[in-house]
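Have the sequence and the 3D view open side by side while you read. We'll start with whole chains and then zoom in on a few single residues.

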Amino acid sequence: MENKEQYFTESGIPVQDIYTPEDVKDIDYDRDIGVAGDPPFTRGVYPTMYRGQLWTIRRLTGYNTPEDTNKLYREEYKLGQTGFSIAPDITTCVGMDADDPRVSADVGHSGVPLNSIQDMEVAFEGLPIEKVSTYMAEKHGILTTMYFAMAEKRGIDLKQLRGTTANDMLAWTCVNLPRQVPPKAYLRYAVDHVEWCTEVAPRWYPVSFDSYNARDMGVSASEELGMLFATAIEYIEEEKRRGRLPLDRFVRRFSFNTAAHNDLFEEVAKLRAARRMWHKIIRERYGIEDPRCAQFRVHVQSSGSTHTTQEPLNNLVRIAYQTLAGVLGGAQSIHANGYDEGVCLPTEQSMLLSIRTEQILQCETGVTNTIDPLGGSYYVESLTNEIEKRTWEYMQKIEDMGGMAEAIGAGWIHSEYKRASIERARKVGSGEISIVGVNKFRSEKEPYKVPIFRPDPESPQIQIEKLKRLRKERDNAKVTKALQKLEKATHSGENVMPATMEAVKAYATLGEIVDVQIKVYGEWPFPIGM
Amino acid sequence: MHNKKVKILMAKPGLEGHWVGLLTVSTALRDAGFEVIYGGNMTPPQIAMTAVQEDVDVVGLSILSANYMLLASETFKELRNQGKGDVLVLLGGIIWEDDFPALKEMGIAEIFIPGTPLEDIVKFVRKQTSATAS
Amino acid sequence: MPETGEQYSTVSGIPIKDTYTPDDVKDIDYDRDIGLPGEPPFTRGVYPTMYRGQLWTIRRLSGFNTPEDTNKLYRQEYELGQTGFSVAPDIAGVAGMDPDDPRASADVGHAGPPIFSLEDMEKTFEGLPIDKVSTYLADRGPLTAMYFAMAEKRGIDLKQLRGTTPSDLCTPTALNIANQFPWEAQLRCNVDLIEWCSEHAPKWYPASFNSYNPRENGINAFQELGMVFASAIQYLEEEKRRGRVPLDRFVRRLSFQTAVHNDFFE
């Protein structure tokens, strides 16, 4: 007797009690699964995978001030982290400078304020950016130009510089932040950035399509992938329309960023399906032959929305399983959250444990010893097929609306989040979704306390003083000229990145550059309400 | 017995933009029969102004970043300045237990952390607002 | 990137290829070698519905200080959702010594509670629903007898009582436990218990061949399995020699216990 009438994955795919050769009899091994490093890439993007190179341990971090963040990065590097990842604070995310009177309470929260190239230099002081790649969690390139300008000052050849700019329009639909430009304007900036990087920094990943936040909003695995690919397609269509770059060069350094949620086998299947689908999109839809353009290179982060405020140590276990899913799914780079993700920014202890979680997987569990170890499992192959099928269906919906930019502009994507989160809240309330320690096995009172990270309340003032000094000491005439040039370039439709780079080198601030964007395009109201 | 529907302003003070929690609770309150004004992200002065303009009975704040003490106290200051100092204020989000007493002292009537069943929030609002109504 | 390791292998030394394909499993006959759970050859699981029918038991081997403290701990674990009990007696008890034995002194109450009489067993399980929840006793016989006596005193029918006694020969080889009698004598006692339980406590598992400690001593995965199966066979051969209980009744409630080591897929 089974306990439930029906079993489902977390994303609602029915799960049989057992899977047998019957369930996979229509699979053609060479056509559908193949070998890692070869189309259709189902088993992995590279031929040797972790036997050749382990995934990068890359935690998205940043707090207080660039000085404190620098200390943190040095610490993480010493502990064995293999890539940097910068989390700007809320004010930087909205493109406001720390001394902007509108932002007082939010400076230094949820990340590090980065207002100018000066801050970037402090954040990366003494760190080997010519050896280690950096991920910039930013909209479309302003922080990246600061990073590039810093690299140039250090004598590093931009053509060798490695790292990633998020530059993804999907992620920004998930947060209601002011000073957002309309989706079509966003697309313009994003594609400018990709074009420019392709030229000046060909080893840089100028975009990392990001479905992490969407997944955190409660959408399913195939909706997550659907949104992800619809966004990537939108960028390619925009470049197709512009006709400035050959498409194979344009997509060559595309990368992706997904969540690793709770349902272990579903998450593994999702990544395998994603690899096969991306190959099909590039090869069949766009006719691009170079197989390197069809590699779904992915950074995976454990899903913060699953980490509870109650009994925070339980999150350690959740994170370990989610990270394992990312590994079994063949991710290139992984961020394991701090167990205190549901409570605060990571403490030193939780930061250490995050890094150790990944290192234990790499060094002790043997799961890296063979490529795609779950390949061939009747269940996993069936799930891979099913997720692919459902994702194509979801993508068709977005296509029918006119593409991702239209879907965002019409508020449809946001309404999907609304639907998914209300549905999830209902299921948690009814117990259909179990959360141990919260709606299942809940203790009467919290059984223990964990150390809490509190941001330094002095940080905002430190940052404000720095900005005041910067504005006084820089050549303000030069800044004004550069910003005017940037405005002109924005109006003319040419690629804005060279002008942005010039402004950044003149010590224009982030807020000043975003002001130009808002001036030209206007502020786009967030399309969500009751 | 009041005939007027209980009015609740739901808002996020500050810039932190994760809106799903606020919207989910707002929807639950609306479905429970309250009149809900979904403010989204608003500055503390905007919250106070809207609270006065709409003559709300309850203000619900959602804060997921660590600066909730600062934002909550700014909001209270503005509410008092605009003559709405006695409105019922609730707080939801990632709030550390150790800070509950200080927040309650400030005037927050109740704090709801993630995982709180939605009907508990509805029940609380119902109880508090019918107590003041009668 | 070219591969970094010279030769890849599991923790137990089985060589690992870079990739496995249908070629590697082409000689497998699905029905003969894999089949369905709950059916021979049971490769996929012992029961037909597995966790969809019943989740595994959450059973922590625990105990400390005194029977009273251990009882409090068991009540707490039960409240937190643990679904089976598991008694770890103290070091002196494992050596079969009473607390007042001069040889035991420093080891009384360490690594578990002293349970040296029926009274202690009763204190350990006071207020706990042993008629509903099964108990594992890390014991060589006497504790099991105390547990059964306690159950009888509570009016519980031994024929319905559920739990496990290890009756295991491997563990004493892996640990230097004092006060042991020769292995043939241990085998004699253990097989006696199995025979007796098959008659009087047919829902009890009177043996749980245990490779946990040997694995902790450093042997590998197939040596671990080899040891438990060789032990099980030894007991079967002993009963065959004795001829007292039909073999199918004898083996009906034999169970196993292994370590779960680092190498995930191994």
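What follows is a short tour of two chains, from overall build to local detail.

A couple of ground rules come before the tour. This is a predicted model, where local features need pLDDT of at least 70 and side-chain atom pairs count only at pLDDT 80 or more, while totals for chains, interfaces and linings use all residues. Residues are numbered from 1 along each chain as its sequence is written, chains are lettered from A and ligands numbered from 1 in the order in which they are written, and side-chain values use heavy atoms, with hydrogens and water left out.

**Chain A as a whole**

Chain A is built from 20 helices and 9 strands. Helices (H or I, at least four residues) and strands (E, at least two) are DSSP runs, numbered from the N terminus. The radius of gyration of chain A is 23 Å, close to the 24 Å from the globule rule for 530 residues, so chain A is as compact as a globular protein of that length. That radius is taken over C-alpha atoms, and the rule is 2.2 Å times the number of residues to the power 0.38.

**Two chains in one table**

Here are some values for chain A and chain C. Buried means under 20% relative accessible area, exposed means over 50%, and partly exposed is in between (1.4 Å probe, protein chains only). Accessible areas come from the Shrake-Rupley method with a 1.4 Å probe, and for residues only the protein chains shown count as cover.

| Item | Chain A | Chain C |
|---|---|---|
| Helices and strands | 20 helices, 9 strands | 11 helices, 6 strands |
| Buried residues | 65% of 530 residues | 42% of 266 residues |
| C-alpha span along principal axes | roughly 75 × 60 × 50 Å | about 65 × 45 × 40 Å |
| Accessible surface | about 19,600 Å² | about 14,900 Å² |
| Surface from carbon and sulfur atoms | 52% | 55% |

How do the contacts run along the sequence? A contact means heavy atoms within 4.5 Å. In chain A, 78% of the contacts with a separation of 6 or more are between residues 24 or more positions apart. For chain C, 67% of the contacts between residues at least 6 apart in sequence join residues at least 24 apart.

Now for charge. Lys and Arg count as positive and Asp and Glu as negative, with His and the chain ends not counted; the place of a charge is NZ of Lys, CZ of Arg, CG of Asp or CD of Glu. Chain A carries 65 positive and 76 negative side chains, and the centres of the two sets are 3 Å apart. Chain C has 27 positive and 40 negative charges, whose mean positions lie 6 Å apart.

A:Phe84 sits in strand β2 (residues 84-86) and is buried, at 1% relative accessibility. Beyond its neighbours within four places in sequence, A:Phe84 touches several residues, including A:Arg58, A:Tyr73, A:Phe124, A:Thr134 and A:Tyr135.

A:Thr164 belongs to strand β4 (residues 163-165) and is buried too, at 10% relative accessibility. Among its contacts, again leaving aside neighbours within four places, are A:Thr134, A:Tyr135, A:Trp204 and A:Ser255.

**A helix residue in chain C**

Where does C:Thr124 sit? C:Thr124 is in helix α5 (residues 118-124) of chain C, and it is buried, with a relative accessible area of 0%. Its side chain reaches the backbone oxygen of C:Asp120 at 2.8 Å. Setting aside neighbours within four places, C:Thr124 is in contact with C:Pro67, C:Thr70, C:Asn71, C:Tyr74 and C:Ile115.

Most residues other than glycine have a negative phi, and most peptide bonds are trans. Here are some exceptions. The bond from A:Pro39 to A:Pro40 is cis, with omega near 0°, and A:Pro40 lies in the loop between α1 (29-33) and α2 (49-52) of chain A. In chain C, the bond from C:Pro40 to C:Pro41 is cis, and C:Pro41 is in the loop between α1 (30-34) and α2 (50-53).

A:Asp372 is in the loop between α13 (348-363) and α14 (378-400) and is buried at 5% relative accessibility. C:Met50 is in helix α2 of chain C and is partly exposed at 26%.

Key:
Polar contact = N/O pair within 3.5 Å; in protein donor to acceptor, adjacent residues only side chain to side chain.
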